[in-house]
Amino acid sequence: MDLDRGVRVAVDTGSVILGSYKTIQSLKLGKGELIIIAENCPKDIKEDIERYSKLSNIPVFTFEGSSVELGSVCGKPFTVASLMIQEPGDSNILELKE
């Protein structure tokens, strides 16, 4: 599966939360299907996301690229260290869970 395309389709057609702070907030509520974090995501944020994802039973997938690259994959003019897929839309991104 092409991760870049899957993320872009999910951003365009589904419901995606961009940003570490909002991702962690949603994780605490146990909402969402999949978390994607950039390779260069700050260590403390990554640890928080991994801790809450275990409690919420939501899988975490590491994007092989920087937060700048993840931002451009999402079609955004800013960096994205992490994002949460809530609704995949027309994307097949949830195949990463298997």
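This predicted model holds zero disulfides. A disulfide is a covalent bond between the sulfur atoms of two cysteines. Take cysteine 41: the closest cysteine sulfur, in cysteine 74, is 13 Å from its own, too far for a bond. The cut-off for a disulfide is 2.5 Å between the sulfur atoms. Both of these cysteines are buried. Cysteine 41 has 7% relative accessibility, and cysteine 74 has 2%.

Salt bridges are present, and there are three of them. Start in helix H1, which covers residues 3–13. Here aspartate 12 pairs with arginine 8, with 3.2 Å between the closest N and O atoms. The two residues sit four apart, about one turn of the helix. Aspartate 12 is exposed, at 52% relative accessible area. Arginine 8 is partly exposed, at 36%.

Now move to helix H3, residues 43–56. Lysine 43 forms a salt bridge with glutamate 47, the closest N and O atoms being 3.4 Å apart. Again the spacing is four residues, about one turn of the helix. Lysine 43 is exposed at 64%, while glutamate 47 is partly exposed at 40%.

Helix H3 also holds arginine 51 and aspartate 48, three residues apart. Their side chains meet in a salt bridge at 3.0 Å, N to O. Arginine 51 is partly exposed, with 43% relative accessibility. Aspartate 48 is partly exposed too, with 26%.

What of the length of H3? Its 14 residues should span 20 Å at 1.5 Å a residue, and the end C-alpha atoms are 20 Å apart, so the two agree. After H3 comes asparagine 57, whose phi is positive, near 60°.

Terms used
Residues numbered from 1 in each chain as written. Predicted model: local features only at pLDDT ≥ 70, side-chain atom pairs only at ≥ 80, totals over all residues. Heavy atoms only, no water. Expected span 1.5 Å × (residues − 1). Buried < 20%, exposed > 50% of the residue type's maximum accessible area, 1.4 Å probe, protein only. Salt bridge = Lys/Arg side-chain N within 4 Å of Asp/Glu carboxyl O.
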